[in-house]
Amino acid sequence: MSIIVQNMTKRFGRTEVLRGIDLTIESGELVALLGPSGSGKTTLLKIIAGLEWPDAGRLQVEGADWLQLAAQDRRIGFVFQHYALFPHMTVRDNIAFGLTVRPRAERPGKAVIDAKVDELLEFLQIAPLGERYPLQLSGGQRQRVALGRALAIQPTVLLLDEPFGALDAAVRRDLRQWLRGVHDATGSTTIFVTHDQEEAFELADRVVVMGEGRIEQIGHADQIVDHPASPFVARFMGATI
Ligand code: ADP
């Protein structure tokens with residue numbers, strides 16, 4: 001699904017968090033929102049998800065005005081940094097959650113849900129873990145379950161907020177490769193937030209560099225590295241590479 005954000009602004013109290021965002025994402029693209037902490041990345045992601053509301057601007061997904069749609073009608077898969085799994089539910093029940101809370105008329109039967117969960121457990125390479133509880137899993141395994149829960153509803157758009165931020169370097173690298181594979185297999189339009197340049201450049205088709213509520217540059221990794229569009233981007237690249 002293509003996503004078009006036009007002239008979007010948002011403030012929290014006196015803080016201008018988004019200062020006029022224009023962004024077009026093509027259907028099936030894997031895009032990183034990259035920038036320092038506080039640059040507005042998560043706020044933009046949450047507005048697309050329907051978890052926050054902009055002060056002004058437009059948001060169109062596949063031509064439809066998404067600001068008119070309630071969050072539950074947007075079919076968003078959202079993965080948070082800290083998993084947000086339900087600790088009292090098994091892995092299977094966590095993955096099935098988004099399907100079981102659909103309105104009765106749209107809710108699949110138990111057999112269909114079971115088959116879908118089996119398929120996802122296999123796809124996410126966590127088939128033996130279905131009856132475990134989140135506390136019995138490693139961080140990397142929990143994040144696979146979180147992605148399974150997001151994918152179960154067959155999202156129109158997959159949004160990930162610092163999905164690997166809480167994991168150690170080796171697991172991050174593994175999961176990065178794996179997320180790329182998941183994206184290539186599902187073809188869903190995917191946006192992920194990160195402050196880690198390496199992660200953005202390795203994973204994304206295009207990188208959106210944000211600073212202080214503005215988009216500073218949009219491009220492929222080598223364009224951004226070789227031709228930073230502003231002193232801000234040059235400084236940001238230099239700061240952590
Ligand atoms: P990033 O994801 O780039 O770190 P955020 O979008 O989380 O940036 O935050 C941008 C700014 O908005 C920060 O200064 C943050 O403190 C502020 N902010 C975010 N959410 C809220 C909120 N619910 N209430 C007040 N301020 C907020």
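Which residues are around the ligand?

1. In this predicted model, the residues around the ligand are Phe12, Thr15, Val17, Gly35, Ser37, Gly38, Ser39, Gly40, Lys41, Thr42, Thr43 and Val193. Two elements, β2 and α1 (41–49), each give two or more residues to this shell, and α1 supplies the largest share of the shell, with 3 residues. By class, the shell around the ligand divides into 8 polar residues, 3 nonpolar residues and 1 charged residue.

2. Strand β2 also belongs to an open sheet of 4 strands, in which the order is β2-β1-β4-β5 and the pairing is antiparallel. Because β2 (15–25) and β5 (64–65) stand at the edges and each has a single partner strand, one side of each is left without a neighbour in the sheet.

3. A parallel pairing is found between strand β3 (residues 30–34) and strand β9 (residues 206–211), which are joined by 4 bridges; here the bridge partner of Leu34 in β9 is Val209. Strand β9 pairs as well with strand β10 (residues 214–219), in the antiparallel sense and over 5 bridges, and in β10 the bridge partner of Val208 is Ile218.

4. The strands β9 and β10 form a hairpin that has 2 residues between them, and in the turn Glu212 has a positive phi of about 45°.

5. Turning to the helices, the axes of helix α4 (residues 139–152) and helix α5 (residues 169–186) come within 11 Å and cross at roughly 20°. Angles under 35 degrees count as roughly parallel, and α4 and α5 are therefore roughly parallel to each other. The crossing of these two helices, α4 and α5, is right-handed.

6. On the α4 side, the contact between the helices is made by Gly139, Gly140, Gln143, Leu147 and Leu151, while α5 contributes Val171, Asp174, Leu175, Val182 and Thr186. Sorted by class, the contact of α4 with α5 has 5 nonpolar, 4 polar and 1 charged residues.

Note on methods. Residues are numbered from 1 along each chain as its sequence is written. This is a predicted model: local features need pLDDT of at least 70, side-chain atom pairs count only at pLDDT 80 or more; totals for chains, interfaces and linings use all residues. Two strands pair if DSSP finds at least two bridges between them. A residue is near a molecule or strand if its C-beta atom, placed from the backbone, lies within 6 Å of it. Ala, Val, Leu, Ile, Met, Phe, Trp, Tyr, Cys and Pro count as nonpolar, Asp, Glu, Lys and Arg as charged, and the others, Gly among them, as polar. Axes are lines fitted to C-alpha atoms, for helices over the stretch in contact, and angles run from 0 to 180 degrees between N-to-C directions. Angles under 35 degrees count as roughly parallel, over 145 as roughly antiparallel, 65 to 115 as roughly perpendicular and the rest as oblique. A crossing is left-handed if the near helix is turned anticlockwise from the far one by less than a right angle, and right-handed if clockwise. Two residues are in contact if their C-beta atoms, placed from the backbone, lie within 7 Å.
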